[in-house]
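Let's take a walk through this structure together, one stop at a time. Have a look at the fold first, and then read on.

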Amino acid sequence: MSDKEAREIYAKARLGESVTLGSRPAVLVVDFSCGFTDPACALGSELTAEVEATKCLLDVARAKGLQVIFTTIGFEAGLKDGGLWLQKVPTLGDLQVGGRWVEIDPRLEPRDDETIVLKKGASAFFGTNLAAILVSQQIDSVILCGATTSGCIRATAIDLLQYGWPTLVPRECVGDRAQAPHEANLFDIQAKYADVVPLEDALAYLETVPDRLGVA
């Protein structure tokens, strides 16, 4: 089936309508840790362009005082906390708490007051307190960035929808280790779970929301 045919089928089913965004967004950066952004790691790939685009988004969000949240995957040395996932993807065992691969990519310049959520599953919500963080900060919309599009981004986008947070996914700010799954999952995320938009659209949205400087 061609891409054109797929789009026609999805359009006929009325998939891909837009979500209604709020006025108090957060930027959620999923797994742009060194283990995923450094090709020297078995799990990593060349994501320089995606990291730089995300840094551009973060600069605007930080200037407005908006909430920025990172996630990273990390397991204890014994790897028993990895469950079945490590059977499916043994190289996840390289992501051990305290090691460099678990650290947020320094090019994103994470700040001391920005939350880092440690996760052990694909979705940023699975086994974490992310939902409680978003609720406590009265977040009503999310801009989702990170890696990988076909894995943790997709899983997190699904849960964001199911928990009730309208979500933008800036196309330039997410990446994968292969182009085919990246494009296929962006297509599906746009159809069912979030609005996949150009970075410039996400930046334009941020400019419309009130500054949160000095607000707890």
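Helices (H or I, at least four residues) and strands (E, at least two) are DSSP runs here, numbered from the N terminus. What you're looking at is a predicted model, so local features need pLDDT of at least 70 and side-chain atom pairs count only at pLDDT 80 or more, while totals for chains, interfaces and linings use all residues. Residues are numbered from 1 along each chain as its sequence is written, and side-chain values use heavy atoms, with hydrogens and water left out.

Let's begin with helix H8, which spans residues 199–208. Which of its residues are buried (under 20% relative accessible area, with exposed being over 50% and partly exposed in between, using a 1.4 Å probe and protein chains only)? They are Leu199, Ala202, Leu203, Tyr205 and Leu206. These residues sit on the same side of H8, because they cover an arc of only 155° around the axis; the arc is that of the directions from the helix axis to the C-beta atoms.

What do the buried residues of H8 pack against? Their partners are strand S1 (25–30), helix H3 (48–63), strand S4 (141–147), strand S5 (167–170) and strand S7 (195–197). Contact here means heavy atoms within 4.5 Å.

Two packed helices are described by the angle between their axes and the distance between the axes. For H3 and H8, the angle is about 10° and the axes are 10 Å apart. The axes are lines fitted to C-alpha atoms, for helices over the stretch in contact, and angles run from 0 to 180 degrees between N-to-C directions. H3 and H8 are therefore roughly parallel to each other (angles under 35 degrees count as roughly parallel, over 145 as roughly antiparallel, 65 to 115 as roughly perpendicular and the rest as oblique). On the H3 side, the contact is made by Ala53, Cys56, Leu57, Val60 and Ala61, and on the H8 side by Leu199, Ala202, Leu203, Leu206 and Glu207. Sorted by type, the residues of this contact come to nine nonpolar, no polar and one charged. In that sorting, Ala, Val, Leu, Ile, Met, Phe, Trp, Tyr, Cys and Pro count as nonpolar, Asp, Glu, Lys and Arg as charged, and the others, Gly among them, as polar.

Next stop: charged side chains. Side chains of opposite charge can pair when their charged atoms come close. How many salt bridges are there, taking a side-chain nitrogen of Lys or Arg within 4 Å of a carboxyl oxygen of Asp or Glu as the rule? The count comes to eleven. One of them joins Asp38 and Arg100, at 3.0 Å from N to O. This pair links distant parts of the chain, 62 residues apart: Asp38 is in the loop between helix H2 (34–37) and H3, and Arg100 is in the loop between helix H4 (85–88) and strand S3 (115–119). Asp38 counts as buried at 19% relative accessibility, whereas Arg100 is partly exposed at 44%.

Asp81 and Lys120 also meet in a salt bridge, at 2.7 Å from N to O. Asp81 lies in the loop between strand S2 (67–73) and H4, and Lys120 in the loop between S3 and helix H5 (130–136), so the pair ties together parts that are 39 residues apart in sequence. Asp81 is partly exposed at 25%, and Lys120 is partly exposed at 28%. There's also a network of salt bridges that links Lys55, Asp59 and Glu109.

Finally, a few backbone details. A cis peptide bond joins Ala147 and Thr148, with omega about -15°, and Thr148 is in the loop between S4 and helix H6 (149–163). Leu79, in the loop between S2 and H4, has a positive phi of about 65° although it is not a glycine. Gln138 is not a glycine either, and has a positive phi of about 55°; this residue is found in the loop between H5 and S4, where it is exposed at 54%.
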